[in-house]
Amino acid sequence: MRTPAPCVPAILFLLAILFSPSLHAEAKPWPIRAVVIATFEVGKDTGDFPGEFQFWVEREHLTEIIDFPGGVHPLRTNPEHTILGMVSGTTLVNATASMMALGLDPRFDLSHAYLLINGIAGVDPHSASIGSAAWANYVVNDVARAIDPREAPATWPYGIFPNGASAPKPATLPKADWMRSNLYPLNPKLAAWAFAQTKDLKLGDDPTVAEFRKGFTGYPNAQRPPFVLMGDTFASDYYWHGKIMTQYAEDWVKLYTEGKGTFVMTEMEDAGFMNAIERLDKMHRVDSNRVLVLRTGSNYSMQQPGHDAVESVTAPYIGTRLALESAWLCGSTVLHNLLTHWDTTYSQIPGN
């Protein structure tokens, strides 16, 4: 007995479903307009003592939580899916890996997104005070040679010096084309534009911090109430501290920027972010000209006059909350300007 053949219309209907483009089409990636990058959160993203992420989540309404298998913390976004927030994890290795994971995530189109690297840092008392906010033109890294200073010649200021050199503070930077990871210039016109938007902001203050900064006699910028400035960041996996190490950072930034940069903030992530961004840019995943680095001082990078470095480095931070408020106020002012004028900032980078 022969099995009846299915009717032709039914076969055509099934084939149409199986080979329908809509059945196999992948979801289009979200066209993200801005990414806010923080390095840590203390506890929850909302409602407790804040880390770098919490004010952004609460105040920018990043209410949607997105799983992020390649990162260390779930992502957050607003209901419009225009702003993306990431916690990278601290230190250079976490910053690099998290930034690469985000940049390669097929769920997001970051090709026109502005990337705001935003976090607290140690501030050089020669340049600014706790709570101050600095927009960077340069991110500098610390790949170096080092010997214990107790074994160094007596004339050396410290025991750290560039690869290819034989002593600290060489007259010119040795050529080392095989090692290019110590200098990352940012878009200076975009940084200048961001500074112009925020330079007149009245940053908050704190009576405990105000009393503490009085002790930095001989450092007039350290004694000022918090303010906005242009200043560069120096990344290191060493949590270093002290007057001698601050001098090293000042010299190092001058050396690698050929005298154009000024060390203001010390941190542990920015060179990692920038190395990943440099590679993602070549892959057309992000635009490195759309990167902003904003760091705010939660502590000084050295001790008060009359105190020692060990006492200072082990003391609890007194400026964390103040620095977090400054970071959000300055960063959100720029972020809102970019998003409010998206009809032009999508294609035209401000200041350029």
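A: Helices (H or I, at least four residues) and strands (E, at least two) are DSSP runs, numbered from the N terminus. This is a predicted model, where local features need pLDDT of at least 70, side-chain atom pairs count only at pLDDT 80 or more, and totals for chains, interfaces and linings use all residues. Residues are numbered from 1 along each chain as its sequence is written, and side-chain values use heavy atoms, with hydrogens and water left out.

Begin with T91. T91 sits in the loop that joins β5 (83–87) to α4 (92–103). Its phi is positive, near 80°, and T91 is not a glycine. Buried means under 20% relative accessible area, exposed means over 50%, and partly exposed lies in between (1.4 Å probe, protein chains only). T91 has 21% relative accessibility, so it counts as partly exposed.

E258 also deserves a look. E258 has a phi of about 55°, again positive in a residue that is not a glycine. The loop here runs between α7 (243–256) and β15 (263–267). E258 counts as exposed because its relative accessibility is 65%.

Now move to a strand. E64 belongs to β3 (residues 64–66). At 29% relative accessibility, E64 is partly exposed. Contact means heavy atoms within 4.5 Å. Leaving out residues up to four places away in sequence, E64 touches L75, R76, T77, N78, P79 and H81. T77 is 13 residues from E64 along the chain, yet their C-alpha atoms are separated by 5.2 Å. H81 meets E64 through a polar contact between the two side chains, at 2.8 Å. A polar contact is a pair of N or O atoms within 3.5 Å; within protein, one must be able to donate a hydrogen and the other to accept it, and residues adjacent in sequence count only if both atoms are side-chain atoms.

Next, the rings. Rings of Phe, Tyr and Trp (its six-membered ring) pair if their centres lie within 6.5 Å; planes under 30 degrees apart are stacked, over 60 edge-to-face, and the rest tilted. The structure holds 15 aromatic pairs. One of them is F212 with F216: the centres are 5.9 Å apart and the planes are at 70°, so the pair is edge-to-face. F212 is partly exposed at 33%, whereas F216 is buried at 1%. W252 and Y256 form a tilted pair, 4.9 Å centre to centre, with 40° between the planes. They are 4 residues apart in helix α7, so about one helical turn separates them. W252 and Y256 are both buried.

Finish with the nonpolar core. A nonpolar core is a set of buried Ala, Val, Leu, Ile, Met, Phe, Trp, Tyr and Cys residues joined through side-chain atoms within 4.5 Å. The largest one has 31 residues, and V35, M99 and L102 touch the most other members. Two or more residues come from each of β2 (34–38), β5, α4, β7 (114–123), α8 (270–282) and β16 (291–300). The largest share, 6 residues, is from α8. Beyond residues up to four places away in sequence, V35 touches L84, L102, L110, A113, Y114, L115 and L116. Apart from this core lies another, of 27 residues, among them Y114, L292, L294 and L338.
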